[in-house]
Amino acid sequence: MTDVSQQEAFYKALDDEELMERLFHRDLEAFRALYERYGSLVYSTCLRIVRDAQIAEDMVQEIFLRIWRKPESYLPQRGRFVTWLTSVTRNRAVDEIRSRNRRFRHETASPEEQEREVPAAERMDPALTAELSDQRRLILAALEEIPREQREVIELAYFGGFTQQEISERLSQPLGTVKTRIRLGMQKLRGALTPEFKLEER
Amino acid sequence: VNCEQIRETLDAYAVGAAAPTEAKAVEEHVAGCIGCWDELKKSQRAAGLLALSSSIQPPPPRLGERLMTAAGVGERRRLSLSGLFSGRSAGWPAAAGAFGLAGAAALVFAVFLQAQVDDLQQDRDLLRSEVTNQGSIIGVATASDVRTVSMVSTASDTQPAATGASEPWGEYLWSRSHGKGVIFCHNLPDLPEGEVYQAWYATETEPVAAGTFTPEDGGCHHLMQPIVADISATGVGLSREKSGGSQRPTGRWLIFAPFD
């Protein structure tokens with residue numbers, strides 16, 4: 001093994017929180033490892049929300065550089081790094097579309113659209129797809145169990161950056177209906193985070 | 001606002017759909033209510049799954065290179081790493097390519113789900129972090145390169161240092177190889193409800209906070225929160241502060257040690 005691959009293996013074995021702690025000591029390799037782990041998640045989320053590859057790219061750079069410069073903004077006692085990162089990413093992307101002209105605001109993709117645009121990359125490699133799809137199937141199955149109208153309001157909020165009030169106006173539905181749909185839909189999504197997921201633990 | 005009202009808004013808050021006034025009410029409430037805080041965390045983890053429902057696409061390889069260059073600018077690279085780093089930077093796009101698109105996506109899922117599973121066992125995590133802290137403290141105290149400075153009371157600095165049993169005192173242990181420091185202290189006065197001790201690094205300018213603690217029987221072993229690298233500390237001190245800690249020390253040092 002070369003020095004480089006040994007070093008790579010060392011950083012790969014560290015968990016997120018350990019890598020974050022190394023950022024306090026200005027460890028560039030730890031930063032590289034974090035980016036290798038989560039660059040694609042952050043990029044995909046930004047892309048889905050802002051719908052512009054160049055802007056998404058700039059935002060990924062901004063989000064990661066902020067982590068590098070201010071690692072203290074993540075507080076380990078408040079939860080796992082990846083949960084925090086996902087929420088930082090979503091909020092940053094939504095801020096971006098909110099600050100742009102509202103006419104750029106988009107509908108979230110319909111399931112049919114997503115089906116079309118999705119797995120090009122994943123279909124490339126059947127072996128890896130198998131590993132991926134087992135886990136992902138659980139998530140997609142949980143999402144599919146959510147009735148369309150509940151899923152729609154949740155996605156408008158999460159990916160579209162709309163508040164309940166805005167969704168109610170947009171869909172011409174009473175505010176109370178929107179609130180109920182969010183709660184019912186989220187209840188089902190939470191259900192996805194119970195026993196079956198534990199079985200996935202190695 | 002009671003728990004029942006807050007719980008009706010938690011899901012909307014987690015997906016970012018709460019109105020600003022509702023969001024503020026949720027934040028204020030969960031800050032003081034562990035039950036609702038726990039429910040909110042569950043909602044937030046569920047909301048995180050939404051991000052995973054998008055197709056995972058790797059960013060262009062040039063982005064990784066750009067990012068590492070931007071992060072590396074102005075950094076003093078450690079000698080041991082500089083050779084490896086410059087050797088690797090050219091290899092970044094190739095490595096990303098070899099890793100493959102599907103590989104990147106699979107990895108994201110694997111680590112995300114693992115984290116979710118761990119999150120469900122929050123208590124275990126808290127326990128683990130406590131164990132890690134204790135391990136760090138032992139690591140520093142027993143390191144071959146450990147350095148020790150005495151922290152003395154500043155209350156009687158016009159008199160010869162008293163060694164009486166009631167005088168607070170401490171030691172600051174620091175190991176370069178561990179990159180961590182620990183304060184051991186003794187004879188700290190008991191604190192009234194609502195107050196804590198806060199540790200600080202003194203610097204050329206403002207002191208930098210390094211965590212709070214409550215002593216047990218007047219003693220402590222406090223692992224200092226890490227200091228950001230571009231600040232160089234000139235000493236270490238303890239002050240008395242309100243619970244939650246302060247931005248700046250509000251009183252004088254209780255005990256202090258200058259670094260030579």
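Residues are classed by relative accessible area as buried (under 20%), exposed (over 50%) or partly exposed (in between), with a 1.4 Å probe and protein chains only. The model is predicted, so that local features need pLDDT of at least 70 and side-chain atom pairs count only at pLDDT 80 or more, whereas totals for chains, interfaces and linings use all residues. Residues are numbered from 1 along each chain as its sequence is written, chains are lettered from A and ligands numbered from 1 in the order in which they are written, and side-chain values use heavy atoms, with hydrogens and water left out.

At 44% relative accessibility, Gly251(B) is partly exposed. Gly251(B) lies in the loop between β7 and β8 (255-258) of chain B; helices (H or I, at least four residues) and strands (E, at least two) are DSSP runs numbered from the N terminus. The C-alpha atoms of Gly251(B) and Glu241(B) are 8.0 Å apart, at a sequence separation of 10 residues. Glu241(B) also takes part in a side-chain polar contact of 2.6 Å with Ser239(B). A polar contact is a pair of N or O atoms within 3.5 Å; within protein, one must be able to donate a hydrogen and the other to accept it, and residues adjacent in sequence count only if both atoms are side-chain atoms.

Ser239(B) belongs to strand β7 (residues 233-242) of chain B and is buried, with a relative accessibility of 1%. Leaving aside residues up to four places away in sequence, Ser239(B) is in contact (heavy atoms within 4.5 Å) with Val196(B), Tyr197(B), Gln198(B), Trp200(B), Pro249(B), Arg252(B) and Trp253(B).

Over all chains, the structure contains 1 disulfide, defined as a pair of cysteine sulfur atoms within 2.5 Å. The disulfide is formed by Cys185(B) and Cys220(B), with 1.9 Å between the sulfur atoms. Cys185(B) in strand β3 (residues 180-186) and Cys220(B) in strand β6 (residues 220-223) of chain B are 35 residues apart, and the pair links distant parts of the chain. Both cysteines are buried, Cys185(B) at 1% and Cys220(B) at 9%. The sulfur of Cys33(B) has that of Cys36(B) as its closest cysteine sulfur, but the distance of 3.7 Å is too far for a bond. Cys36(B) is accordingly in no disulfide. Cys33(B) is buried at 14%, and Cys36(B) is buried at 0%.

Chain A contains 12 helices and 0 strands. Of its 202 residues, 49% are buried. Among contacts in chain A with a separation of 6 or more, 62% are between residues 24 or more positions apart.

The second largest pocket has a volume of about 920 Å³. A pocket is an open set of points on a 1 Å grid over the protein atoms alone, where a 1.4 Å probe fits, with protein on both sides within 12 Å along at least five of seven lines; lining residues have an atom within 4 Å of a point. Grid points are joined across faces, edges and corners, and the volume is the space filled by probe spheres set on the points. The lining of this pocket comprises 35 residues, of which Ser87(A), Val88(A), Asn91(A), Tyr13(B) and Gln44(B) are closest to the centre. At least two lining residues each come from α5 (81-99) of chain A and from α1 (3-14), α2 (20-30) and α3 (34-53) of chain B. The largest contribution, 11 residues, is that of α5(A). By class, 16 lining residues are nonpolar, 10 polar and 9 charged, where Ala, Val, Leu, Ile, Met, Phe, Trp, Tyr, Cys and Pro count as nonpolar, Asp, Glu, Lys and Arg as charged, and the others, Gly among them, as polar.
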